Amino acid sequence: MKERPEGILFGTEITGYRKESCEICVIGSGPGGAAAAEVLARAGHDVLMIEEGPIPEKGARLTPQKAMQRYYRDSGFFATLWPVQVPIPTGRVFGGTSVINSGTCFHTPERLFDRWERDLGVAFDRKAWREVEGELDEDLHVSPCPVERMSPSDRIFAEGLERLGLSGGKPLSRCEDGCDGQGLCCFVCPNEAKQAMHLNLLPRALEQGMRAIVETRALGLIHDGARVTGVVCQTSAGARLVVRAKRFILAMGALETPDFLLKSGFRRRYPAIGRNLAIHPASKVLAEMPESIGAWKGVPQAYCYEHPDYPDVHFEGIFLPPSLGSASIPFLGSDLCDWMGVYDRLSAFGFYVSDSQYGRLIRMPGMRPLIRYTLTEKDLDGFYFAIKTVARAHFAMGAKRVLLPIADPSDVCSSEDELEQRFRRENMHPKRVYSMAFHPLGTCRFAGSLDKGVVDQFGRCHRHDNVFICDGSAVAGPLGVNPQITIMAFSRLAARHMA
Amino acid sequence: MKHILLTGFPGLLSEELLRSSREVHSDLFWHLVVLPEEVAGATARLRELDFSVSEYAVYPGDITKANLGLPEEDARRIQAEVETCFHLAAQTDISASARDAHAVNVWGTCQVIEFVKACPNVRRFNYVSTCYVSGTLEGELAEDELPEPASFRNEHERSKYEAERIVRDHMDTIPTTIFRPAMIVGDSQRGVTTKYDGPYIIIRFFRWGQRLFYWMPNLGSDDTWLNTVPVDFAGAVLRDVGLSDEFVGKTLHVADPHPPTTAQAWCAFYHQISGRTCFGISPGLRKLKLWAMHHFPLDLLTGMPARSLDYLEHRGRYQTSNLEEACTRFGLRTPQWEQFYPPVIKFALLHRKYAANAALIREFRLWCMTFRVLYALTALGFLFFPGAVARFLTMFDGAGGAATMVTDNLLYRPLGISLVLGLFVAVASLERNPFQKPLHILIIGGKFLSAGLYFFFAAYCAAFCLFLGGLVDGFIGVTHLLFYYRLRRVRPMAGGEIDWNPFGLLFPQRFVLDFTETMTPALAEPINIPGVVSNIREHVRQLPFVIRYGFVLSCYYILLILPCFSGYPPYFLMSEAQRDRYLRHAQNMPNAWLRLPLIFVKMVCSLYLYQEAPYLRSIGAI
């Protein structure tokens, strides 16, 4: 992306009080907002996009920590609050979480359409949806990751699965163009190979005449109860910006959109705001291999596997660069040194489970959104199975010891027998499992009625004709796969309906 | 040089006698016969009174023994030199047993008489008796006679009567003057005293009684008299008459010629202590109350011996013609009770408790200092070597470990209990009715909270560590509670001079007046006491201290709880599995949000540590 693309205003340069007007105001530039904006701009509408984060720097070779500080929301420290603490990293950058995700792309599983139809009374045009998914595959250059570019840890796990006699693993499809396997997907792709929104849809929309204001935070909607007429924003230079528009598209992500609506005073009108939060709780198992592999080289998230008996458990590769790895190893002192000293020999594989219940997002004035979330016994069953499978696969590959993501004496096992003996299901406790979560969804989900959701199947709020929600918060989770394509397809369909 | 033998030193009257004699006469030499165990105190006291060694000689002795218990040569020398003798030593405790009272008062007096008889140069024997040798006799009592009363109120009176009888029998062989002081109270100007009996018992009764009863019945009557005399007047009479050559063979009532009736005295005491007046009751009701108080174990509740109530029924009046003659002769003014009551009462309100608790408070201060040093070391250690100190603490001090368990599981329950206990402490520590003014509630709140915290930590230290082996904490906790129990009696004072704070031993107790200095009559300047300090003013005065202590306390408790944030719980209490879990996992323990600062620090530190080039090179990342 260019340093100063045409049509972009910088919040750092806007001072004083400023008014803007447009036909459609899109708040948020993540996959949902970008997909919608692109369609609407192409259709000739006057689109103004507002983004809180900065434009990612090109070729800066940021350290992972710097990337987290600059482009992650709350520097990556946002987490559920109670009773268990699960960090949920999301992006706060022009291009949204797509800039800092791993770039995996999945089509929406067929079973979800059935579920949405059955539970929420929302029937999508599946044919149109699949067509849009095809278009998106082309736009984003979605292709399976070649084996030679995979991270060594993914290859080790794939081979380990074969040795265990489990089949069904496959390379992940990723949206990339010119990837050389630097292994820094999550910290802004250094050579702009990963097709994040700021490299793909957003420039196209800007070419079509879309305007964008970055580094500007939307504070709240201006409305008279029935109709929304504007949005108040604050630029990073401290100026007030009021945007008047005919229609508004909220695409701030599943954690910010409900907070924004609650802040704007929509609590009474939409009882479902903030409920039904699905986050795929995830974790990983580290293993020390006999020889040095340098697992941070290569695409870390390039291989996936699902066991037929456990459809809710999804295995996907993950590996962190050394410095971040130190933060993810839960030890102190000599234990930490011990593991960090052999970081080049470590291999890891991750997994996530489809949540069996929903969390809830609560807004307290003056605070970041508070999230209540816990892991159920069913989730823990999935975790247990996944941890054991990954550990066994690594032992099959000759791992010397594995580090299990639990706060328990049995967290380090040095052989498969020891694993069987010491690692028991009763060691698993929601508070003693280290987990993260990656795909927040459903806090303003689509539904046929107001008590189940906030928007209809075209993203329109049930009680406000001119407010649309086109992001992860509209998509009812859990999906069981990476939701980027699903969110984009939903947005694109909604935008086409709008246009 | 005039050589004088004095018994009964140290004592209130004898000290006053020494002090005042020195002001008038410069050529006196005092031979003091002092009980062996009191010699050190007596010497110190003399030094305080500014006596030089050329003015006195202290002999360890005992008046109940032959030759006053003195070695032969000492006795011979004294007998050769002595010209005047003051016999003040006596058992003055009205609750003393007959055996004790007679041993000192009767037998001791006999020994002194025998000793004086052997003095060739003796020109004067001054015997201090008491007005109350009159026992239960009523009406005007003459000075120069000793009628035998029908009965005595206690053994003290009986023994003094018998002693005086013996003295009178020897009057023809020894030139004797008998002094019969009434109840001796403090200095008429400043009220300074070291002895708290007689009317002081009533003052003590009012001190708690005025909190209990808003309206106090007047238990005095109009036909009984409370005869008190300030010690400086008694001392002056003793000095002037005793050192002169006049009044030989006479008896002087060293008493108030115009004493208040007990009703007047009762009213005066009560008014000055509480600011209120008491109401009169019918004589029948009064008798009933006195009888009830007499037969009720009042002294347990009030510290007011039932025997002392007897003197409210004392119907005797004392003629003071000899005394008045002496006053005219030596230019003394008889004291007016209206004038010397206020300073006497003020001094009593301020100092009574200090006398009783001086040693205890001194001990307590020492403990305070010790523990403060310990805690300061701990706190400093936490600042510089948190890990090491926490490990050390958890090894043999239960605090760190118990704190972890408490914060993880038990924090709220003990805190709740402690708040309830704190309520009792707070209310108990109040001087008066708590809810008179809104500000009280604020201040009570502060006390309440701090008392709660104090109790919480004291109790948990005591409870956890006694059976868990944390000896230090157990010791500290028990000491806390013990001292609290022992010192709780120090607290309720109308003037509120001891600032008992409920934070226990962590912080210095504040003593406004230094009792060791103000206790002595050698006090340089008069004590400036602004009447009875009102309760609210006292509380307001304490407020900055409450706030300051609260701040320091919270800092300390944060330091104390640090071990549970730092992931260094009590290893010795844990199973191996638990220990492993605690030792290795700082991050994802239950209530991890309590340790969020630690987790944050750990993550950030490790992030920066492991992005350094040497490390990355070592694992081949660059």
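**View 1. The largest nonpolar core has 175 residues.** A nonpolar core here is a set of buried Ala, Val, Leu, Ile, Met, Phe, Trp, Tyr and Cys residues joined through C-beta atoms within 7 Å; buried means 20 or more other C-beta atoms within 10 Å of a residue's own, with C-beta atoms placed from the backbone. A:I27, A:A36 and A:V285 have the most contacts inside this core. Leaving out residues up to four places away in sequence, A:I27 touches A:I50, A:A218, A:V231, A:F248, A:I249, A:L250, A:A251 and A:M252 (contact: C-beta atoms, placed from the backbone, within 7 Å). A second, separate core of 90 residues includes B:L46 and B:C119. This is a predicted model, so local features need pLDDT of at least 70 and side-chain atom pairs 80 or more, while totals for chains, interfaces and linings use all residues. Residues are numbered from 1 along each chain as its sequence is written, with chains lettered from A and ligands numbered from 1 in written order.

**View 2. Helix α7 (residues 256–263) of chain A is mostly covered.** Helices (H or I, at least four residues) and strands (E, at least two) are DSSP runs, numbered from the N terminus. Seven of the eight residues in α7(A) are buried, among them A:D259 and A:F260. These buried residues pack against β9 (216–223), β11 (240–250), β16 (360–362) and β21 (467–469) of chain A. After α7(A) comes A:G265, with a positive phi near 90 degrees.

**View 3. Helix α1 (residues 31–42) of chain A packs on helix α12 (residues 484–498) of chain A.** Their axes sit 8 Å apart, at an angle of about 30 degrees (lines fitted to C-alpha atoms over the stretch in contact; angles run from 0 to 180 degrees between N-to-C directions). The contact involves residues including A:A36 and A:V39 of α1(A) and A:I487 and A:S491 of α12(A).

Definitions and conventions: Contact = placed C-beta atoms within 7 Å. Buried ≥ 20, exposed ≤ 12 C-beta atoms within 10 Å, placed from the backbone.
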